[in-house]
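Hi there,

Here is the structure I promised to pass on.

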Amino acid sequence: MIITYELGNSLYINMTNRCSNDCEFCVRNLRDDVNGQDNLWLEREPTVDEIMEDISKRDLSKYDEIVFCGFGEPMIRYDDVLNIAARLKASNSPPIIRVNTNGHGNLIAGRDITPELAGKIDVVSISLNAKNAAEYDKVCRSEYSEAAYAAMLDFAKLASKYARVILTVVDDMNAGDIEACRKIAKNLGVDFRVRTFI
């Protein structure tokens, strides 16, 4: 069972295969890995202790970031993400800690969890994926339906008080939609990035 895996200069933590979205472009619909070697389908979700034990086998000084991102939505396990991040921050000179998320953390928790990011999560990268709720619902097929889009934008705005927030889109979107998404990020006062479609 692959709990941590390397991609570039980052160490990724694969905590769950559950997700509140079923995105039509999700890499896990096409293959079992993102780095060409590690099968990220979990036979079961690892415990916090198992995750920390797996991380302890790595030389963290060689990584620029530790990233919560696997074949699922890490914030489904938000309490565990924050627990692990706090433990890592308590270690000597931890790398930057980032969460790659669909931005549904507050929907999942049923409350505003963004204040709990403070001092634990440095960067929150949120998949924007669409310029409006109807298009988001069409491509992301969220269990929260069209409510997911507004909640995701709200999460981005709230989280930006406690961490650097980056809204992202994939590069196979048309140029006009990418620019519309860039404006959404600007209006929220957060960063924007176009990521490569894997």
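First, the ground rules. This is a predicted model, where local features need pLDDT of at least 70, side-chain atom pairs count only at pLDDT 80 or more, and totals for chains, interfaces and linings use all residues. Residues are numbered from 1 along each chain as its sequence is written, and side-chain values use heavy atoms, with hydrogens and water left out.

**The helix pair**

Helices (H or I, at least four residues) and strands (E, at least two) are DSSP runs, numbered from the N terminus. Helix 1 (residues 48–56) packs against helix 2 (residues 78–89) at about 35°, and their axes are 10 Å apart. Those axes are lines fitted to C-alpha atoms over the stretch in contact, and the angle, on a scale from 0 to 180 degrees, is between N-to-C directions. Helix 1 contributes Val48, Asp49, Ile51, Met52 and Ile55 to the contact (heavy atoms within 4.5 Å), while helix 2 contributes Asp80, Asn83, Ile84, Arg87 and Leu88.

Which residues of helix 1 are buried? They are Val48, Ile51, Met52, Asp54 and Ile55, where buried means under 20% relative accessible area, exposed over 50%, and partly exposed in between (1.4 Å probe, protein chains only). These residues lie on the same side of helix 1 because they cover an arc of only 160° around the axis, taken from the directions from the helix axis to the C-beta atoms. Asp49 and Ser56, on the other side of helix 1, are exposed. The cover over the buried residues includes strand 1 (4–7), strand 2 and helix 2.

**A buried asparagine**

Asn21 sits in the loop between strand 2 (10–13) and helix 1. Its relative accessibility is 6%, so Asn21 counts as buried. Its side chain makes polar contacts (N or O atoms within 3.5 Å, one able to donate a hydrogen and the other to accept it; residues adjacent in sequence count only if both atoms are side-chain atoms) with the side chains of Tyr136, at 3.1 Å, and Ser142, at 3.2 Å. Leaving aside residues up to four places away in sequence, Asn21 also touches others, including Asn102, His104 and Arg141.

**Two positive phi values**

Most residues other than glycine have a negative phi. Asn129, in the loop between strand 5 (123–127) and helix 4 (133–140), has a positive phi of about 70°. Asn129 is buried, because its relative accessibility is 10%. Arg141 has a positive phi near 45° and is found in the loop between helix 4 and helix 5 (147–159). With a relative accessible area of 39%, Arg141 is partly exposed.

Happy browsing!
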